[in-house]
Amino acid sequence: MRRAVHGKGILKHLNASGRWPSGNVRYYYRPKGQKGVPLPDMPPSHPDFLAAYAKAAGLSEPPLPSARTGSIAAGIAAYLKSDAFLSLSAGTRTRRRIMLDDIRRRYGTGLTRDLRPHHIRADLEGRPPHPANNRLKCWRGLCRWWQDAGLAEDDAAGPVRTRRAPPTDGHLPWTRDDLAKFRDRWPETTPQRLAFELLFWTGARMSDAVRLGPGMVDADGWLSYRQSKTGGRVDVPFTASAPAWAEPSDRTHLFSALKAQTDRHAVWMVTTHGRPRSIKAASQWFAEAARAAGIDGGRSAHGLRKTRAQIMAERGATPDQRAAWLGHESLSEVQHYSRRADRRRMLAGTEPEPKSSNSPNQVPTIVRK
């Protein structure tokens with residue numbers, strides 16, 4: 001039995017037997033007691049060989065290629081340990097790591113010194129504009145660090161241009177009918193309803209919402225946290241007095257959902273086993289809940305953030321006030337999120353809604369599993 005080491009894994013049941021007519025060693029995937037499956041006539045480090053091995057072994061994805069000195073695989077391994085990568089936000093690191101692993105599987109055996117802009121353009125070819133531009137950001141961070149670290153002579157990604165994407169409004173905001181549909185479908189006792197009210201009142205991104213819990217509410221009744229995307233601080237009135245333009249009745253819905261839960265946890269959004277939800281899983285879970293409520297158009301958790309911004313704009317909140325609540329870093333971002341605010345209501349004026357008289361005098365800490 002012969003085994004070849006690739007990255008952190010081992011190609012088990014890789015058996016060498018004779019040679020192909022080309023002179024290369026002939027490999028089989030041959031577990032004990034089973035008939036061998038012939039593998040392609042190419043080195044075990046080749047991506048196509050690893051793909052064939054994964055298929056024969058029933059793996060969900062090919063193993064990573066070996067990281068020989070000077071290879072793209074070795075360069076990626078070094079970049080993952082660098083300050084440049086580790087200083088990125090947790091969410092960005094997670095997304096970049098997925099792309100970097102894919103790049104390593106596809107091109108890991110190549111040499112960093114041979115990488116050229118046309119190779120990167122070929123990698124981006126066929127991808128839609130937004131995914132292609134996100135992958136180019138990954139390439140740029142990688143190649144720039146390689147050049148700074150002396151692992152490559154030139155920045156191969158520098159000359160590659162971003163793809164022009166058609167204009168879009170991004171995530172669609174929820175309408176008031178959408179809000180009513182969700183509340184009708186999911187009772188206050190359900191985790192879906194709690195997640196909805198938490199996202200809607202705070203306007204938090206899902207990457208932050210999954211971390212929110214009673215421990216983040218201070219003695220003055222403010223929910224305070226640092227955004228994972230920007231590192232900026234956000235302060236949201238929880239039990240503290242809320243401005244009338246915040247439409248305080250929405251907070252009453254949140255407190256009702258919190259009181260309807262039965263179990264205590266460190267965070268408010270948990271799985272059926274009481275564990276914190278991951279960002280990706282929580283986003284998919286919430287999107288499914290929206291579809292089950294009959295909400296069309298692919299509206300997501302992030303759309304609730306836009307709706308909160310629009311409500312604030314309609315009811316007279318200043319750009320600075322909206323930025324403080326939602327954690328926007330620039331005026332352009334504030335304007336982007338409030339672009340769809342009801343201009344007629346803004347021009348005609350809106351009577352302030354009375355502050356809710358149902359605000360509890362302490363922070364609810366119970367959350368259902």
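What percentage of the 369 residues in the chain do buried residues make up?

1. Buried residues account for 44% of the 369 residues in the chain; buried means under 20% relative accessible area, exposed over 50%, and partly exposed in between (1.4 Å probe, protein chains only).

2. This is a predicted model, in which local features need pLDDT of at least 70 and side-chain atom pairs count only at pLDDT 80 or more, while totals for chains, interfaces and linings use all residues. Residues are numbered from 1 along each chain as its sequence is written, and side-chain values use heavy atoms, with hydrogens and water left out.

3. The average pLDDT (the predictor's confidence in each residue, from 0 to 100) is 82 for the chain, and 82% of the residues score at least 70. Over residues 1–9 the pLDDT is below 50. Residues 365–369 also stay under 50. Where pLDDT is low, the predicted coordinates should not be read in detail.

4. The chain contains 15 helices and 6 strands. These are DSSP runs, numbered from the N terminus: helices are H or I with at least four residues, strands E with at least two.

5. Helix α7 spans residues 176–185, and its residues Asp178, Leu179, Phe182 and Arg183 are buried. Seen down the axis of α7, the buried residues fall within an arc of 130° (taken from the directions from the helix axis to the C-beta atoms), so they line one face of the helix. Asp177 and Asp184 are exposed on the face turned away from the buried side of α7.

6. The buried residues of α7 pack against α8 (191–202), α10 (249–259), α11 (279–292) and α12 (301–314); contact means heavy atoms within 4.5 Å.
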